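Please open the model in your viewer and keep the selection tool at hand.

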Amino acid sequence: MSDGKFHKFHIGMRIWKTVIAVFICAVLGMIFDIHPFYSMIAAILCMQANTSESIKKGVIRCIGTFIGGFAAVLILLIIDFTPLKPFSVLYYVIISLCIAPIIYSTVLLNRESSAFISCVVFLSIVLSHFDAQNHYLFALQRVLETITGIVTAIIVNKFIKNPDKQTDKSDGKESDENENI
């Protein structure tokens with residue numbers, strides 16, 4: 001720093017809560033013998049400064065996951081019941097064109113903030129998991145893992161309080177003295 005002072009090194013509660021939520025997702029993955037990748041990502045993305053913001057992010061992520069998962073299952077059905085070959089030029093044209101109705105469905109549902117994750121979920125299913133023995137089961141598992149990560153982040157955020165937050169006696173709400181990331 002230019003004034004000769006060093007910035008105090010501090011890891012805030014939001015970081016620690018994120019670490020805890022990710023670890024819980026890993027343990028749940030071990031218990032249920034599933035790879036926790038998607039639940040861990042959901043926990044990271046949904047951990048916010050407070051529980052209500054985590055819930056808002058979780059709702060956005062759930063809606064996007066359902067829309068993207070549903071669209072992916074439709075493509076998987078087309079692959080299973082038509083001569084369409086995965087990873088052919090026609091396949092890439094079709095999945096590229098699917099992005100438009102996926103995004104537009106979020107507009108129709110007045111959930112535009114879910115468009116990004118809808119497309120990510122759709123592409124993650126239709127492009128990367130054809131080696132799964134049952135790709136329909138993978139799509140369902142992907143949705144359930146995401147919900148697990150979301151719920152884990154919300155629970156951790158709800159029950160591990162930030163010691164830097166003070167309760168305002170006038171309205172009973174928490175306020176940040178120092179927003180820690």
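A nonpolar core is a set of buried Ala, Val, Leu, Ile, Met, Phe, Trp, Tyr and Cys residues joined through side-chain atoms within 4.5 Å. Buried here means under 20% relative accessible area. Keep in mind that this is a predicted model.

**Stop 1: the largest core.** Select Ile-75, Tyr-91, Ile-95, Ile-102, Phe-122, Ile-125 and Val-126. The largest nonpolar core has 21 residues, and these are the ones that touch the most other members. Now colour α3 (51–81), α4 (89–108), α5 (115–128) and α6 (135–159), the elements that each give two or more residues to this core. With 7 residues, α3 gives the most.

Stop 2: Centre the view on Val-126. Which residues does Val-126 touch, leaving out those up to four places away in sequence? Show Ala-72, Ile-75, Phe-87, Tyr-91 and Ile-95: Val-126 touches each of them.

**Stop 3: the largest pocket.** Rolling a probe the size of a water molecule over the atoms shows where empty space is left. The largest pocket holds about 190 Å³ of space. To see its lining, select Leu-45, Cys-46, Gln-48, Lys-57, Ile-60, Arg-61, Ser-113, Phe-116 and Ile-117. Colour the lining by class to find 5 nonpolar, 2 polar and 2 charged residues. At least two lining residues come from each of α2 (37–46), α3 and α5. Here α3 gives the most, with 3 residues.

How values were computed. Residues numbered from 1 in each chain as written. Predicted model: local features only at pLDDT ≥ 70, side-chain atom pairs only at ≥ 80, totals over all residues. Heavy atoms only, no water. Buried < 20%, exposed > 50% of the residue type's maximum accessible area, 1.4 Å probe, protein only. Helix = DSSP H or I, 4+ residues; strand = E, 2+ residues; numbered from the N terminus. Contact = heavy atoms within 4.5 Å. 1 Å grid on protein atoms, 1.4 Å probe; cavity = no way out; pocket = protein on both sides within 12 Å on 5 of 7 lines; lining within 4 Å. Points joined across faces, edges and corners; volume = space filled by probe spheres on them. Nonpolar A, V, L, I, M, F, W, Y, C, P; charged D, E, K, R; others polar.
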